[in-house]
Amino acid sequence: MEPLTHDTAHANRTADAAGAADDALTPEGLARVLLRRWYVLLLAALVTGAACYPALRPAPRYQSSAVLVVKPPRTDNQPNQLTNLQPSLAMVSYAVVQRLQSPDGRAELKAAGVHGSYRLTPRNSGTSATPYYSIPTLQIEAEQTAPEEADRVVQAIIDVYGRHLKALQTEQKVPAATLLTVDLVNRPGTVALPPNRTRAVAGTGALGTLAGVMCALWTERYATARRRRRAAAP
């Protein structure tokens with residue numbers, strides 16, 4: 001019985017060594033695993049193809065944008081308010097934008113019906129590294145699946161912005177005759193956004209390929225462990 005026991009132990013050690021060699025993730029070993037588990041890759045390819053279909057027919061997207069300006073009060077020396085745009089007005093506008101970008105401001109915008117993707121971009125006369133806001137204009141953009149909804153979201157942001165500007169001046173007890181006001185340089189206008197099908201399909205394909213390879217490796221590991229358990233069984 002001893003030679004048989006010795007031979008059996010030696011065979012088990014040899015099988016374990018061979019299994020460990022197969023588990024080594026080398027390019028050749030990975031290729032062998034993918035060839036053995038071709039059916040897993042085929043299933044992943046079918047699922048990826050089905051997932052790419054919506055990416056080829058994306059829902060339409062529309063972008064509405066408007067530009068508003070903070071104007072000083074009309075005076076005898078400056079009857080045209082647009083000729084008296086000082087850098088200080090830009091700082092006041094930027095302070096309002098910071099309020100709207102805070103958690104409380106975002107919650108207020110959401111309560112006002114603002115949803116989806118939107119941007120508040122103050123006019124930057126500096127650089128991206130050293131921004132400098134000296135022109136009191138603000139560009140508001142919103143993306144929605146319907147043009148009317150995009151315009152409505154932009155108008156809602158304008159209304160909330162106006163309320164915050166008025167509240168900021170009320171806190172400082174600014175006299176009514178010297179209040180800053182909001183005017184639109186251009187009213188909300190909507191354009192259709194071209195769909196980026198190439199990026200969507202490429203992203204879906206990359207995720208599907210990664211998922212297929214991972215599933216193939218997991219299936220191979222599971223099958224190998226199952227064979228070892230069967231070989232170790234008496």
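Which residues in H4 meet which residues in H6? Keep that in mind as you start the tour. The model on your screen is predicted.

**Stop 1: the whole chain**

Show the protein as a cartoon. It has 234 residues, and 26% of them count as buried. Its secondary structure comes to 7 helices and 4 strands. The elements run α-α-α-β-α-α-β-β-α-β-α.

**Stop 2: H4 against H6**

Select residues 87-100 for helix H4 and residues 147-171 for helix H6. Two packed helices are described by the angle between their axes and the distance between the axes. Here the axes come within 10 Å and cross at roughly 115°. H4 and H6 are therefore roughly perpendicular to each other. The crossing is right-handed.

Now for the opening question. On the H4 side, show Val 92, Ser 93, Val 96, Val 97, Arg 99 and Leu 100. On the H6 side, they meet Val 160, Tyr 161, His 164, Leu 165, Leu 168 and Glu 171. This contact is made of 8 nonpolar, 2 polar and 2 charged residues.

**Stop 3**

What does Tyr 161 contact, leaving aside neighbours within four places in sequence? The partners are Leu 68, Val 70, Ser 93, Val 96, Val 97, Leu 100, Leu 138 and Val 182.

Tyr 161 also belongs to the largest nonpolar core, which has 24 residues. Tyr 161 is one of the residues with the most contacts inside this core. Strand S1 (61-71), H4, strand S3 (137-144) and H6 each supply at least two residues of the core. The largest share, 9 residues, comes from H6. In soluble globular proteins, nonpolar side chains tend to be buried together.

**Stop 3: Val 67 in S1**

Move to strand S1 and select Val 67. How far apart are Val 67 and Asn 186 in sequence and in space? They are 119 residues apart in sequence, but 5.6 Å apart in space, C-alpha to C-alpha. Set aside residues up to four places away in sequence. Val 67 then touches Thr 137, Leu 138 and Gln 139, along with Asp 183, Leu 184, Val 185 and Asn 186.

**Stop 4: Ser 134 in a loop**

Next, find the loop between strand S2 (117-122) and S3, and select Ser 134 there. Is Ser 134 buried or exposed? Ser 134 has a relative accessible area of 17%, so it is buried.

**Stop 5: H2 against H3**

End with another helix pair. Select residues 27-36 for helix H2 and residues 38-56 for helix H3. Their axes come within 4 Å and cross at roughly 75°. H2 and H3 are therefore roughly perpendicular to each other. Show Leu 34, Leu 35 and Arg 36 in H2, which meet Trp 38, Tyr 39 and Leu 41 in H3. By class, this contact has 5 nonpolar residues, no polar residues and 1 charged residue.

Conventions
Residues numbered from 1 in each chain as written. Predicted model: local features only at pLDDT ≥ 70, side-chain atom pairs only at ≥ 80, totals over all residues. Heavy atoms only, no water. Axes fitted to C-alpha atoms, helices over the stretch in contact; angles between N-to-C directions. Parallel < 35°, antiparallel > 145°, perpendicular 65-115°, else oblique. Left-handed = near helix turned anticlockwise from the far one by under 90°. Contact = heavy atoms within 4.5 Å. Nonpolar A, V, L, I, M, F, W, Y, C, P; charged D, E, K, R; others polar. Core = buried A, V, L, I, M, F, W, Y, C linked by side-chain atoms within 4.5 Å. Buried < 20%, exposed > 50% of the residue type's maximum accessible area, 1.4 Å probe, protein only.
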